[in-house]
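Visitor: I would like to learn how to read a model like this one, feature by feature, before I rely on any part of it. Could we look at the structure together and begin with a single residue?

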Amino acid sequence: MIPETSIGTGPLDRPGSMLGDARGSIGPVTDPAHDTIDASVGAALRFLATVLRAKSVVEVGSGTGASASWLLSGMVPEGVLTSIDVDASAQHIAREALAAQGVARGRTRFIAGLAERVLPKLTEDAYDLVFVDAMPSRYPMFLELGAPLLRPGGAIVFAGPVDATQHQEPRAQAVRELIRAVRADESLVPVALPVGDGLLAIARS
Ligand SMILES: C[S@@+](CC[C@H](N)C(=O)[O-])C[C@H]1O[C@@H](n2cnc3c(N)ncnc32)[C@H](O)[C@@H]1O
């Protein structure tokens, strides 16, 4: 069982790595664009976790636990979800919500911190699925940090519309950059899924 981890309490996956400064110097970052996933997105996440027989999943943007609940419902029973959010109070709500649903505590590992500082400390080639639902302007960075965590055949999934024409700069610029990066990497196999606000799912071949 992987112990629940929070800032400064212990090592992460990679030997010697500590989360001591994972939260950084800024306060909670909120993303007003969308708060929580809807049921159609949740069903797609559950589907992906099921077909991947996901045992190890990373989520960027725990929020109050909606996506965590869907992901866990598709994962194998012994699977562990590592859920990252810079807002520890939101994670507290997520943890309580999952407990109320009967999810065993050992199935989640909540990490309070900036994803851009936590993701580099996770084990590469070890995760079946990475779900990103935070700060679309940083999606290109989350692809760069998240794709190496996937085992071959795993997938990284971005929430929200990926049509750059729907956004103002700099978010549109980030979306274009994300798509350029996916196209440039022949090992990545993308598909846009028209569910909810949209999902961009990218398999690692
Ligand atoms: C859209 S909400 C997530 C909703 C959640 N997936 C759900 O379905 O309930 C985005 C979350 O990302 C967190 N967040 C924003 N920027 C972040 C970052 N750089 N690193 C980690 N978490 C971040 C916010 O605190 C917020 O809780």
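This is a predicted model: local features need pLDDT of at least 70, side-chain atom pairs count only at pLDDT 80 or more; totals for chains, interfaces and linings use all residues.

**Reading a residue, then its surroundings**

Guide: Take Gly79, which is partly exposed because 18 other C-beta atoms lie within 10 Å. Residues are numbered from 1 along each chain as its sequence is written.

Visitor: Where is the place of Gly79, and which residues does Gly79 touch, not counting those up to four places away in sequence?

Guide: Helices (H or I, at least four residues) and strands (E, at least two) are DSSP runs, numbered from the N terminus, and Gly79 sits in the loop between α2 and β2. Two residues are in contact if their C-beta atoms, placed from the backbone, lie within 7 Å; leaving out residues up to four places away in sequence, Gly79 touches Ala54, Lys55, Ser56, Val57 and Arg107. Thr108 is 29 residues from Gly79 in sequence, yet 8.6 Å from Gly79 in space, C-alpha to C-alpha.

Visitor: How many helices and strands make up the secondary structure of the protein, and what percentage of its residues count as buried?

Guide: There are six helices and seven strands, which follow the pattern α-β-α-β-α-β-α-β-α-β-α-β-β when read along the sequence. Of the 205 residues, 43% count as buried, and among contacts with a separation of 6 or more, 73% join residues 24 or more positions apart.

Visitor: How should I read a strand, and which strand do five bridges join to β2?

Guide: Two strands pair if DSSP finds at least two bridges between them. Here strand β1 (residues 56–60) runs parallel to β2, with five bridges joining the two, and Val60 stands opposite Ile84 in β2. As a general idea, the side chains in a regular strand alternate between the two faces of the sheet. Five of the six residues of β2 are buried, which makes the strand mostly covered.

Visitor: For a helix, how can I check the length, and which residues of α6 are buried?

Guide: The expected span of a helix is 1.5 Å times one less than its number of residues. Helix α6 (residues 171–184) has 14 residues and should therefore span 20 Å, which agrees with the 20 Å between its end C-alpha atoms. Its buried residues are Ala174, Val175 and Leu178. They cover an arc of only 100° around the axis, which means that they lie on the same side of α6; the arc is that of the directions from the helix axis to the C-beta atoms. On the face turned away from that buried side, α6 carries the exposed residues Arg180, Arg183 and Ala184.

Visitor: What covers the buried residues of α6?

Guide: The cover includes α5 (139–146), and Tyr139 is found in that helix. Tyr139 is buried, because 25 other C-beta atoms lie within 10 Å. Leaving aside neighbours within four places in sequence, Tyr139 is in contact with Val132, Phe158, Ala174 and Leu178.

Visitor: Which value does phi of Arg53 take, and is Arg53 buried or exposed?

Guide: Phi of Arg53 is near 45°, a positive value in a residue other than glycine. Arg53 is found in the loop between α1 (39–51) and β1, and counts as exposed because it has 11 C-beta neighbours inside 10 Å. Met135 also has a positive phi, near 50°, but lies in the loop between β4 (127–132) and α5; with 21 other C-beta atoms within 10 Å, Met135 is buried.

Visitor: Finally, which residues around the ligand come nearest?

Guide: Gly61, Gly63, Ser67, Ala115 and Ala134 come nearest among the 26 residues around the ligand, where a residue is near a molecule if its C-beta atom, placed from the backbone, lies within 6 Å of it. Helix α2 (66–74), strand β2 (80–85) and helix α4 (115–118) each supply at least two residues of this shell. The shell divides into twelve nonpolar, eight polar and six charged residues, counting Ala, Val, Leu, Ile, Met, Phe, Trp, Tyr, Cys and Pro as nonpolar, Asp, Glu, Lys and Arg as charged, and the others, Gly among them, as polar.

Key:
A residue is buried if 20 or more other C-beta atoms lie within 10 Å of its own, exposed if 12 or fewer, and partly exposed in between; C-beta atoms are placed from the backbone.
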